[in-house]
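Hi everyone, thanks for making time this morning. I'd like to walk you through a structure, a few residues at a time.

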Amino acid sequence: MLKSLILCINNKKIEAHIQLGFKKSGYNVLICEDGNSLIRLAHTRHIDLVIVDEELRGLRAIDVVNIIYTEKICPVLIVANDFRNDYIDWIEKGWIYGSVHLPMNQVELLNIVKGAIINGERMLLLDRENEKLRKQLAERKIIEKAKSILIEKKSCTEEDAYTYIRKISMNKGVSMEKIAEAIIKSLDSSR
């Protein structure tokens with residue numbers, strides 16, 4: 001599948017050279033002039049990687065990186081003129097994949113980009129799985145609390161309480177979590 005990159009580099013000569021190299025290597029390359037347009041484009045298209053200049057126009061690079069990271073859009077590479085210690089912090093926090101200094105050998109840059117995309121996809125997949133598990137755990141806690149209340153208030157077994165919640169859920173076509181929340185709200189307030 002064709003991978004899409006956003007390039008937002010101030011030096012247009014270097015940007016054009018990089019764009020050409022990526023296009024020859026089979027990437028879809030989108031160009032942005034500033035941080036605001038980069039964010040708009042990242043929200044409207046499927047993007048696999050952002051390569052952004054540290055001296056960004058519009059939004060600051062840190063703001064762009066933070067938005068992309070928070071919204072789990074894709075990995076980011078920073079184009080830096082000098083080594084900066086705060087980039088290490090950004091890498092440790094997972095905000096960026098790394099920083100590169102241009103001009104750079106095209107083969108090296110392609111390898112860094114491939115690694116960033118692969119690792120970014122893995123991280124997004126792990127984040128989604130983590131969020132799914134977190135949601136399932138929260139749902140389970142609510143159901144367990146409702147079961148506990150039913151056991152106490154209705155003097156029933158745990159299995160009976162679970163069956164009761166499940167039966168109402170199926171009859172009403174509502175999730176067990178919503179039924180459990182209603183049970184908690186109605187019966188727990190009378191404690």
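**A pair of cysteines, and onward**

Let me start with C32: its sulfur is 5.7 Å from the closest cysteine sulfur, the one in C8, and that is too far for a bond. Before I go on, please keep in mind that this is a predicted model, in which local features need pLDDT of at least 70 and side-chain atom pairs count only at pLDDT 80 or more, while totals for chains, interfaces and linings use all residues. Residues are numbered from 1 along each chain as its sequence is written, and side-chain values use heavy atoms, with hydrogens and water left out.

Back to the cysteines. A disulfide is a covalent bond between the sulfur atoms of two cysteines. The rule here asks for a pair of cysteine sulfur atoms within 2.5 Å, and by that rule the count is zero disulfides. Seen from C8, the closest cysteine sulfur is in C32, at 5.7 Å. Are these two cysteines buried or exposed? I call a residue buried under 20% relative accessible area, exposed over 50%, and partly exposed in between, with a 1.4 Å probe and protein chains only. C8 is buried at 1%, and C32 is buried at 4%.

Helices (H or I, at least four residues) and strands (E, at least two) are DSSP runs, numbered from the N terminus. I51 is buried, with 2% relative accessibility. Setting aside neighbours within four places in sequence, I51 is in contact (heavy atoms within 4.5 Å) with I6, L7, C8, I9, F22, L77, V79 and V113.

How many aromatic pairs does the structure hold? There is one aromatic pair. Rings of Phe, Tyr and Trp (its six-membered ring) pair if their centres lie within 6.5 Å; planes under 30 degrees apart count as stacked, over 60 as edge-to-face and the rest as tilted. F22 and Y27 have ring centres 5.5 Å apart and planes at 70°, so this pair is edge-to-face. F22 is buried at 0% relative accessibility, and Y27 is buried at 10%.

F22 has another partner in Q106, which also touches H17, I18 and G21, not counting residues up to four places away in sequence. Q106 lies in helix α5, residues 106-154, and is buried at 18%. Along the chain, Q106 and H17 are 89 residues apart, yet their C-alpha atoms are separated by 9.2 Å.

Now for two loop residues. Most residues other than glycine have a negative phi. S155, in the loop between α5 and α6, has a positive phi near 50° and is exposed at 67%. K72, in the loop between α3 (61-70) and β4 (76-79), also has a positive phi, near 50°, and is partly exposed at 33%.

Last stop, the helix contact. Residues Y162, Y164, I165, R166, I168, S169 and K172 in α6 meet M176, I179 and I183 in α7. Those residues divide into seven nonpolar, one polar and two charged, where Ala, Val, Leu, Ile, Met, Phe, Trp, Tyr, Cys and Pro count as nonpolar, Asp, Glu, Lys and Arg as charged, and the others, Gly among them, as polar.
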